[in-house]
Amino acid sequence: MPRFEPHPPRRPALIAGASSGIGAATATLLAANGHPVALGARRADRCEEIAAGVRAAGGEAFAHPLDVADSDSVKAFVAAATEALGDPEIVVSSAGDLGAERVHELDAEAFAAQVQVHLIGAHRLVSQVVPGMVARRRGDVVLVSSDVVRAPRTRMGAYVAAKNGIEGMAQALRMELEGTGVRASVVRPGPTMTGMGMGWGAETTAEVLEEWVKWGLARHPYFLKPEQVAAAIAAVVATPRGAHLTLVEVQPEAAVERPR
Ligand SMILES: NC(=O)c1ccc[n+]([C@@H]2O[C@H](COP(=O)([O-])OP(=O)(O)OC[C@H]3O[C@@H](n4cnc5c(N)ncnc54)[C@H](OP(=O)(O)O)[C@@H]3O)[C@@H](O)[C@H]2O)c1
């Protein structure tokens, strides 16, 4: 008798923030790997387009509106996805957006709004999905964090605070889940070319990048593709039972230099 039951053949995955970037790429890859996927974001039409693409490729996908800043919306998303695909075996928290303000220039409401989406939004998903996973004695929770936890950046203080909150919560959650069969993992992307920060405007972007260079943060100009972060998330959830990828940081590889 094996110490761990293998993963079941059908593993529905709920993806929050699936209308763009890392969430969209994760939904597409998990579907290609055979998972039924539920895509949620505020732009439900974009989720539906991606879901239609998955179905056209022979996969199983469901789209539903989701605002992780609203508890009722999270409840409705999880209930509808469960009804459509069955009990969730995987939940991926990838919703978020980013301002470019300095901490002391943000008013309390704007600061709280970022924490609402990034940190409390992740907790809303956990509180809706994890109790069922614990009862079923299995499941994967993937919280998308950021390398700003290891190396904070200027002009995103509320985000840095929220991502540190996510990793603190994930550590406590992992301890509490020990022995339940439910794995809580953190995936920490470095700079990734997505919709994030695209609303800043050229002047702000140039200013922010200059500050990051000053702090030694933009050491080479390469960005990850969202598909590369999705590959890490897919690896985390595909890890056979008995092992647990607790924290995976993904960085863009620098260009290969010619030997001197
Ligand atoms: N890009 C990077 O360099 C980078 C680096 C490290 C970590 N990350 C993290 O990666 C995750 C995904 O971001 P991304 O880079 O893929 O950016 P993105 O392309 O802008 O995607 C963000 C997703 O979050 C959704 N979203 C935003 N607010 C939401 C809300 N209140 N409720 C539900 N969904 C919401 C957006 O959809 P709607 O607008 O349709 O709701 C979108 O689907 C975020 O947690 C981000 O912090 C990104």
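Guide: A helix axis is a line fitted to C-alpha atoms over the stretch in contact, and the angle between two axes runs from 0 to 180 degrees between N-to-C directions. Keep in mind that this is a predicted model.

Visitor: At what angle do the axes of helix α3 and α4 cross?
Guide: Helix α3 (residues 71–85) and α4 cross at roughly 40°, and their axes come within 10 Å. Angles under 35 degrees count as roughly parallel. The α3 and α4 pair is therefore oblique. The crossing of α3 and α4 is right-handed.

Visitor: Which residues of α3 and α4 meet?
Guide: From α3 come S71, V74, K75 and V78, and they meet R124, L125, Q128 and V129 of α4. Sorted by class, this contact of α3 with α4 holds 4 nonpolar, 2 polar and 2 charged residues.

Visitor: How far apart are the axes of helix α4 and helix α5?
Guide: Helix α4 (residues 108–136) and helix α5 (residues 157–177) have axes 8 Å apart and pack at an angle of about 20°. That angle is why α4 counts as roughly parallel to α5. Their crossing is right-handed. Among the residues in contact are F111, V115 and L119 of α4, along with A158, I166 and L173 of α5. The contact of α4 with α5 has 12 nonpolar, 4 polar and 1 charged residues.

Visitor: How does the span of helix α6 compare with the expected one?
Guide: The expected span is 1.5 Å times one less than the number of residues. Helix α6 (residues 202–214) has 13 residues and reaches 18 Å from first C-alpha to last, close to the expected 18 Å. After α6 comes G216, with a positive phi near 75°.

Visitor: Which residues come nearest to the ligand?
Guide: Of the 30 residues around the ligand, the nearest are G17, G21, R42, R43 and G195. Helix α1 (residues 21–32) gives the most to this shell, with 3 residues. By class, the shell divides into 14 nonpolar, 11 polar and 5 charged residues.

How values were computed: Residues are numbered from 1 along each chain as its sequence is written. This is a predicted model: local features need pLDDT of at least 70, side-chain atom pairs count only at pLDDT 80 or more; totals for chains, interfaces and linings use all residues. A residue is near a molecule or strand if its C-beta atom, placed from the backbone, lies within 6 Å of it. Helices (H or I, at least four residues) and strands (E, at least two) are DSSP runs, numbered from the N terminus. Ala, Val, Leu, Ile, Met, Phe, Trp, Tyr, Cys and Pro count as nonpolar, Asp, Glu, Lys and Arg as charged, and the others, Gly among them, as polar. Angles under 35 degrees count as roughly parallel, over 145 as roughly antiparallel, 65 to 115 as roughly perpendicular and the rest as oblique. A crossing is left-handed if the near helix is turned anticlockwise from the far one by less than a right angle, and right-handed if clockwise. Two residues are in contact if their C-beta atoms, placed from the backbone, lie within 7 Å.
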